[in-house]
Amino acid sequence: MKTAEIISELANLPIEERALIADSLLQTLNPTQPDIQQAWVKVAQQRLNDISSGKVEPILASDVFARINARLSV
């Protein structure tokens, strides 16, 4: 099967499956290092815990970018 045919077939898959395939392919180009991956998982879990417990209140990305743009406009 040629590359163009593979891409054409993959384009017809549901988005979740395409995302999984894309992630898998990217992993082959730049494999993760287990210790670094585990550190990121720990950070993500802590951030989720902080949000879930109410310790930290999330900020909308649109608000963050608006603040950045306001600072850059000065």
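From the N terminus onward, the elements of the chain follow the order α-α-α-α. The structure is a predicted model, and its secondary structure amounts to four helices and zero strands. The chain has a radius of gyration of 19 Å, whereas a compact globule of 74 residues would have one near 11 Å.

**Overall dimensions and surface**
- Taken along the principal axes, the box filled by the C-alpha atoms of the chain is roughly 55 × 35 × 20 Å.
- Of the 74 residues in the chain, 1% count as buried.
- The accessible surface of the chain is about 7,100 Å², and carbon and sulfur atoms account for 61% of that area.

**The acidic residue D50**
- D50 is located in helix α3, which covers residues 34–53.
- Although D50 is buried, it has no salt bridge.
- K55 is the nearest side chain of opposite charge to D50, at 4.1 Å; a salt bridge would require the side-chain nitrogen and the carboxyl oxygen to lie within 4 Å.
- Leaving aside residues up to four places away in sequence, D50 touches K55 and V56.

**The nonpolar patch and I59**
- I59, V64, F65, I68 and L72 make a nonpolar surface patch of about 490 Å².
- One of these patch residues, I59, sits in the loop between α3 and α4, the latter spanning 61–73.
- I59 has a relative accessible area of 48% and is therefore classed as partly exposed, since the exposed class begins over 50% and the buried class lies under 20%.

Conventions: Residues are numbered from 1 along each chain as its sequence is written. This is a predicted model: local features need pLDDT of at least 70, side-chain atom pairs count only at pLDDT 80 or more; totals for chains, interfaces and linings use all residues. Side-chain values use heavy atoms; hydrogens and water are left out. Helices (H or I, at least four residues) and strands (E, at least two) are DSSP runs, numbered from the N terminus. Buried means under 20% relative accessible area, exposed over 50%, partly exposed in between (1.4 Å probe, protein chains only). Lys and Arg count as positive and Asp and Glu as negative; His and the chain ends are not counted. Contact means heavy atoms within 4.5 Å. Patches are made of residues with over 30% relative accessible area and no salt bridge: like charges are joined within 9 Å, nonpolar side chains (Val, Leu, Ile, Met, Phe, Trp, Tyr) within 5 Å. Accessible areas come from the Shrake-Rupley method with a 1.4 Å probe; for residues, only the protein chains shown count as cover. The radius of gyration is taken over C-alpha atoms; the globule rule is 2.2 Å times the number of residues to the power 0.38.
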